[in-house]
Amino acid sequence: MVKTPDELALMRISGRLLASVFEMLDGLDLAGMSTMQVNDLVERFITVDLAARPASKGQYGFKYVLNCSINHIVCHGVPDAQAIIRDGDIINLDITLEKNGFIADSSKTYLVGNTPPAARRLVKVAQEAMWQGIRQVRPGAQLGDIGFAIERHAKKHGYTVVREYCGHGIGREMHEDPQVLNFGKPGTGMRLREGMVFTIEPMVNQGSRMVSTEDDGWTVVTRDHKLSAQFEHTVAVTASGVEVLTLRGDGT
């Protein structure tokens, strides 16, 4: 669970490489692309340009390198050549990358073209909620502090937080202990220690927090079909606070 300095150095490399994948995507006009085209582009970039491994491919039997969740899809959206990203959509791209035996995990919800103001507001608040959680990370803090900060921020703006999915420890395996819930009570849960590495990844819904899984066994949607947005970073507990291992060049 707690990483050595040498292990943390390798995780920084994985995190920087994964950040560069999102920086590549930031320069694209996603409108008109299929989610499968995005998947294939990311796979080539990770394997060829970065000489790394897309860690999601083959994990739990999943066949692709990313999850692509459009509008009311909460998470685990499956790439599809028939699923076209359209002007006005929001889409979460959730990507993992392994280099030197260590995995980084991050996601970002993109605004595609002329996205309606209500969708833009949701996405903004979801990103802010992630950062509210990240700001709680320091030695001696507790996991409940993170979840409480996330849910409080979402609720303040009239949104709900999905409870069925959460952040997680990460390292040589994609999912390690502990679970990092997106709700909780301050001063409760595991106490954080220097060297711990985990993801913080709130999923914030426009309407009800209730979700359902579609017949493909992967795609999770809001039950009321209202919008959902997610952001995720891999973070490390440092002696003085927190280091965001997947931080992108623009500071997001």
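Two strands are taken as paired if DSSP finds at least two bridges between them. The legends below describe close-up views of a predicted model.

**Figure 1. The open sheet β5-β9-β12.** Three strands make up this open sheet, in the order β5-β9-β12, and their pairing is antiparallel. The edge positions are taken by β5 (160–161) and β12 (228–230); each has a single partner strand, so one side of each is left without a neighbour in the sheet. Strand β9 (residues 203–205) is joined to β12 in the antiparallel sense by three bridges. Within this pairing, V204 is placed opposite A229 in β12. Helix α3 lies across β9 and β12 and runs at about 35 degrees to β12.

Figure 2. Residue E128 belongs to helix α3, which spans residues 117–134. Its relative accessibility is 22%, so E128 counts as partly exposed; the class of buried residues ends under 20% relative accessible area. When neighbours within four places in sequence are left aside, the contacts of E128 are with H153 and H157. From E128 to V197 the C-alpha to C-alpha distance is 20 Å, and the two residues are 69 residues apart in sequence.

**Figure 3. Strand β8 and its pairing with β13.** Strand β8 covers residues 197–200; V197 and T199 point one way from it, F198 and I200 point the other way, and all are buried. In a regular strand, side chains alternate between the two faces of the sheet. Four bridges link β8 to strand β13 (residues 233–237), and the two strands pair in the antiparallel sense. V197 has A236 of β13 as its bridge partner, and F198 is partnered by V235 of β13.

**Figure 4. Strand β13 and the hairpin to β14.** Strand β13 is mostly covered, with five of its five residues buried. On one side of β13 are H233, V235 and V237, and on the other T234 and A236; both faces are covered. A hairpin of four connecting residues leads from β13 to β14. Strand β14 (residues 242–244) pairs with β13 in the antiparallel sense over three bridges.

Figure 5. Strands β3 and β4 run antiparallel and are joined by ten bridges, and K99 stands opposite F102 in β4.

**Figure 6. A31 in the loop between α1 and α2.** The loop that lies between helices α1 and α2 contains A31. This residue has a relative accessible area of 29% and is partly exposed. Apart from neighbours within four places in sequence, A31 is in contact with I85, D87 and V112. The C-alpha atoms of A31 and D89 are 8.5 Å apart in space, although the residues are 58 residues apart in sequence.

**Figure 7. The largest pocket and its lining.** The largest pocket holds about 520 Å³ of space. Its lining comprises 28 residues, of which Y60, H76, H168, M174 and H175 lie nearest the centre of the pocket. Two or more lining residues come from each of β3 (90–99), β6 (167–169) and β7 (176–180). Strand β7 gives the largest share of the lining, four residues. Sorted by class, the lining has ten nonpolar, ten polar and eight charged residues.

How values were computed. Residues numbered from 1 in each chain as written. Predicted model: local features only at pLDDT ≥ 70, side-chain atom pairs only at ≥ 80, totals over all residues. Heavy atoms only, no water. 1 Å grid on protein atoms, 1.4 Å probe; cavity = no way out; pocket = protein on both sides within 12 Å on 5 of 7 lines; lining within 4 Å. Points joined across faces, edges and corners; volume = space filled by probe spheres on them. Nonpolar A, V, L, I, M, F, W, Y, C, P; charged D, E, K, R; others polar. Buried < 20%, exposed > 50% of the residue type's maximum accessible area, 1.4 Å probe, protein only. Contact = heavy atoms within 4.5 Å. Axes fitted to C-alpha atoms, helices over the stretch in contact; angles between N-to-C directions.
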